Amino acid sequence: MSLPDDSRYLKGGPVAQRIIAAVREDAAIAKAEGFPPKLISITVGDTDAVDVYVRNQRAKAQLAGIDFEERRFPATITSGELEAAIHGLNADPRVTGIIIQRPVPAHISVKTLQAAVHPLKDVEGMHPASIGNIVYNQLDLAPCTAAASVELLKETGLDLKGLEVVVVGHSEIVGKPIAFLLMSEGATVTVCHHLTRSVAAHARRADALFVAVGKPRLVKADMVKPGAAVIDIGINSEIGPDGTSRIVGDVDTDSVKDVASWITPVPGGVGPITVAILLRNTMVALSRQRALYEATYGTADRLAAE
Ligand SMILES: Nc1nc2c(c(=O)[nH]1)N[C@@H](CN(C=O)c1ccc(C(=O)N[C@@H](CCC(=O)O)C(=O)O)cc1)CN2
């Protein structure tokens, strides 16, 4: 789908292309030195939005020169069986990174799965040890959707120091990490959640408004401060008037675009950058693994060592 050529739209495509081009260069060098990057995706059960995400991961990984393999498990699998599969991948030296696609079925704790991924292969920064790094301002490997959203805000050129930011949604993978990433940049952050008394009152104060709640078109024009930047992180599947399925965000883009100075389209906003950052994180994980290899074997060039 092509987006209107309107400077209010913060499009993710060009940012994603820049990131992927850099990843491609790094991946080619790593491959030539005997460390081909390989990303494993774990999907449990069937969810349409996850299928879209995985399809894009595969396509962009191919573009970047990163080997991509999807492991699909039935929704009936036990947590123990999944953890055993993850431990197998942790032990496989050919595997650089592991991403666990969310959501997983209700009988499985995603936190347990995330903790089973070795921190050196945790390309989403969601292992309890990795997510803690963000609190310490170590931001080079942050959860992909959160990092993508902040990257798009930076595209506005707004000075993040002291910026009034409101984040609607406090999930561990999106809302909370966004708040920490922005605090490290000096923004003043308010996080709204299901117990917040008036989300609209908070949202209307924001110079930058992030929305990640999974509710189609929740944010309307009367919840947005004129001139604000609105970052829509929702990816919701909806059946359109013509009976076909389409993706919409958590923001009512048609009305909000007349109030905001910047707005991210869905699709075509945060989504493409999320995928690009996953690939960049894979290269960060690879460089950490290579540093360990070098410390152990005295060279970072596996081909030269053999
Ligand atoms: N392990 C994780 N699981 C999930 C995350 C995450 O960050 N880590 N976030 C969402 C992912 N998601 C929705 O379920 C999602 C993310 C990105 C895209 C995407 O590539 N969208 C593009 C293309 C759309 C299209 O091809 O039609 C875009 O928005 O332009 C889709 C879905 C939940 N799970």
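1. An unreviewed UniProt entry gives Gly169, His170, Ser171 and Ile235 under "binding site". Keep in mind that what we have here is a predicted model.

2. Let's start with His170. You'll find His170 in the loop that links S4 and H7. Setting aside residues up to four places away in sequence, His170 touches Gly175, Lys176, Val191 and His193.

3. Now for Ile235, which sits in the loop between strand S7 (229-232) and strand S8 (236-239). Ile235 has 24 C-beta neighbours inside 10 Å, so it counts as buried. Apart from neighbours within four places in sequence, its contacts are Ala49, Ile247, Val266 and Gly271.

4. Back to strand S4, residues 164-168. S4 is mostly covered, with four of its five residues buried. S4 runs parallel to strand S5 (residues 188-192), and five bridges join the two. Within this pairing, Val166 stands opposite Thr190 of S5. To get from S4 to S5 the chain passes through helix H7 (residues 175-184), making a right-handed β-α-β crossover.

5. S4 has another partner to look at: strand S6 (residues 208-211), paired with S4 in the parallel sense over four bridges.

Methods. Residues numbered from 1 in each chain as written. Predicted model: local features only at pLDDT ≥ 70, side-chain atom pairs only at ≥ 80, totals over all residues. Buried ≥ 20, exposed ≤ 12 C-beta atoms within 10 Å, placed from the backbone. Pairing = 2+ DSSP bridges. Right-handed = clockwise from strand over helix to strand, strands pointing away. UniProt positions renumbered as here; feature names shortened; annotations may be inferred. Contact = placed C-beta atoms within 7 Å.
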